[in-house]
Amino acid sequence: MANDAPPRWDRRMQQRLARGEAAAIAELYDRFASLVHTLAHRVLEDDTGADRVTREVFGYVWENPDAYDPQQGSLRAWIAMLTQRQAVHRLRASQTASACGDTLTGEALEERIREASVAARADYIVTSMPAPLRAALELAYFDRRDYRQAAAALGVTEDEARRRLRLGLQLLSTAHVQPSRTVSPPGYGRAL
C-alpha cells in the first residue's frame, strides 16, 4: 500500500524543515527517496543521473521548505513534481550538450518526457485517490484478484467492488490526458 501523508503531516514536516531539523530531512528522504529515484530514472534511464536528481531534489527541499504550499496539494505530489521537472531539465540539458553520438532526436526526447509525465501523473492519481478505490485497485493489480475476490477481501458487495474498480480505473486513465496549462504558484515552476 502507498504511504498516506495526511495534510497535517505535510504541514508539520514543512515546519520542521523550516526550523532546520536534520531529522526531518532524514525522515522525508526515507519516505520519498525511492519515489524520487524511480521517477528520475524513468525520465533519464540512468542510475547516476537519477542519483544526482535525487540529491538535487532533497537539497532543494532542505534549502527551500517554504516553497511548498500545502494548499496546492500533498508534499508527495510536490516532491514528485520537482523530481519530474528537474529530471526533464537534466535530460534536455544533456541532449543539448551532446553535439554528436547517441543522442535522442527531438521527437524521441519529447516522447520520453511525455511518458515520464504520464507516469508521474499516474503516481499522483493513485496516491491521492480515496483509500477504498486504491484498495480495490491494489487487490486487482498486485494480488490478481477479480471483482468477486476483491469484494470478499474488502467486505463489500460484488456490485460495490465493480463500482470501485471501474471508478479507480477511470481516474487512472486520466493520467494519459495532458493537463491544461495553468500558472504555477510561486516555487512550483522555477528550476531547482
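## Confidence of the predicted model

The chain averages a pLDDT (the predictor's confidence in each residue, from 0 to 100) of 81, and 82% of the residues score at least 70. Over residues 180-190 the pLDDT is below 50, and residues 1-5 likewise stay under 50. Where pLDDT is low, the predicted coordinates should not be read in detail.

This is a predicted model, in which local features need pLDDT of at least 70, side-chain atom pairs count only at pLDDT 80 or more, and totals for chains, interfaces and linings use all residues. Residues are numbered from 1 along each chain as its sequence is written, and side-chain values use heavy atoms, with hydrogens and water left out.

## Helices

## Burial

Of the 192 residues in the chain, 38% are buried (under 20% relative accessible area, with a 1.4 Å probe and protein chains only).

## Lining of the second largest pocket

Sixteen residues line the second largest pocket (lining residues have an atom within 4 Å of a point on a 1 Å grid; a pocket is an open set of points where a 1.4 Å probe fits, with protein on both sides within 12 Å along at least five of seven lines); Val 126, Leu 137, Tyr 141, Phe 142 and Leu 172 are the closest to its centre. Helices H5 (106-128), H6 (131-141) and H8 (158-173) each give two or more residues to this lining, and H5 gives the most, with five.

How values were computed: Helix = DSSP H or I, 4+ residues; strand = E, 2+ residues; numbered from the N terminus. Contact = heavy atoms within 4.5 Å. Buried < 20%, exposed > 50% of the residue type's maximum accessible area, 1.4 Å probe, protein only.
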